[in-house]
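Work through the exercises below with the sequence and the structure open. Each task is followed by a solution in steps.

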Amino acid sequence: MNWSLSPANIFAASPIVPVMVIENLADAIPMTQALAAGGITVYEITLRTPVALDAIKLIRESLPEALVGVGTVLNPAQYDAAAKAGAQFAISPGATPNLLKYGSQHDIPLIPGIATASEIMAACELGYDHMKFFPAEANGGATMLKSLAAPLSHVSFCPTGGITAENVCHYLALSCVATVGGTWMLPTQAIKAQDWKTITQKSLEATALVRHLRS
């Protein structure tokens, strides 16, 4: 890979990577600022809404200090569109051979989603060593990840999917976990109400918890 930004630096930049589903473009900046005020500095904007690419572009232009990535990347076309919009990294829910090969040969880091040992091995064969364990809780949680990582100790993971303040401790106890992805600091009702103070407070609580567990 000839990426200018390494996945290791992305994982190290923030104790939590919030999975942001932005329905309204007007929410993009205040939502990101609320997370930033809570100590979260890396952002995954999912391609689940029509405004996702516009949100990435807006955040990159308005908040140049933010480390903005794109999530739910399913194919090379989406990878290219996100990179063009300004995404600094891409995260996929799975790891097809086509997407793995494409990401390894192009500009922004790809963090592939995996759920099995075979998927990890396939990604490793193409040079990947930072991956997303997804959906974490549905795939056996921290116990499963510990087992998967045991023979693949050079790989670092960001578990995502079902991570909460109550179970994050199980993941952070694993040496293979570099950061975690989650949404518990982004309550749907707070977003709908544009209650950014609540999101900042929950982000402060989440980052404090993660740092305490890692200390």
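**Exercise 1. Find the buried residues of helix 3 and say how they are placed around the axis.**

Step 1. Helix 3 spans residues 52-62, and its buried residues are Ala 52, Ala 55, Ile 56 and Ile 59.
Step 2. These residues cover an arc of only 100 degrees around the axis, so they sit on the same side of helix 3.
Step 3. The cover over these buried residues includes helix 2 (28-37), strand 2 (42-46), strand 3 (67-71) and helix 4.

Terms and conventions for this and later exercises: buried means under 20% relative accessible area, exposed over 50%, and partly exposed in between, with a 1.4 Å probe and protein chains only. Helices (H or I, at least four residues) and strands (E, at least two) are DSSP runs numbered from the N terminus. The arc is that of the directions from the helix axis to the C-beta atoms. The model is predicted: local features need pLDDT of at least 70 and side-chain atom pairs count only at pLDDT 80 or more, while totals for chains, interfaces and linings use all residues. Residues are numbered from 1 along each chain as its sequence is written, and side-chain values use heavy atoms, with hydrogens and water left out.

**Exercise 2. List the buried residues of helix 5 and the elements they pack against.**

Step 1. In helix 5 (residues 97-105), Leu 99, Leu 100, Tyr 102, Gly 103 and Ser 104 are buried.
Step 2. Their packing partners are helix 4 (76-85), strand 5 (110-111) and helix 6 (117-125).
Step 3. Helix 6 holds Ala 123, which counts as buried because its relative accessibility is 0%.
Step 4. Outside four places in sequence, Ala 123 is in contact with Leu 100, Pro 112, Tyr 128 and Met 131.
Step 5. Ala 123 and Thr 96 are 27 residues apart in sequence, and their C-alpha atoms are 9.1 Å apart in space.

**Exercise 3. Which residues other than glycine have a positive phi, and where do they lie?**

Step 1. Thr 72 has a phi of about 60 degrees. Its place is the loop between strand 3 and helix 4.
Step 2. Thr 72 has 19% relative accessibility and so counts as buried.
Step 3. Beyond its neighbours within four places in sequence, Thr 72 is in contact with Glu 44, Thr 46, Leu 47, Arg 48, Gln 78, Ile 91 and Pro 93.
Step 4. Gln 194 has a phi near 55 degrees. This residue is in the loop between helix 9 (188-192) and helix 10 (196-214).
Step 5. Gln 194 counts as partly exposed, because its relative accessibility is 47%.

**Exercise 4. Locate the cis peptide bond that ends at Pro 135.**

Step 1. The bond joins Phe 134 and Pro 135, with omega about -15 degrees.
Step 2. Pro 135 belongs to the loop between strand 7 (130-133) and helix 7 (141-149).

**Exercise 5. Is Leu 213 buried or partly exposed, and what does it touch?**

Step 1. Leu 213 is in helix 10. Its relative accessible area is 32%, so it is partly exposed.
Step 2. Not counting residues up to four places away in sequence, Leu 213 touches Val 168, Cys 169 and Leu 172.
Step 3. Leu 213 and Leu 172 are 41 residues apart in sequence, and 6.9 Å apart from C-alpha to C-alpha.

**Exercise 6. Summarise the whole chain.**

Step 1. The chain has 10 helices and 9 strands.
Step 2. Of its 215 residues, 51% count as buried.
Step 3. Among contacts between residues at least 6 apart in sequence, 61% join residues at least 24 apart.
Step 4. Along the principal axes, the C-alpha atoms fill a box of roughly 45 × 35 × 25 Å.

Methods:
Contact means heavy atoms within 4.5 Å.
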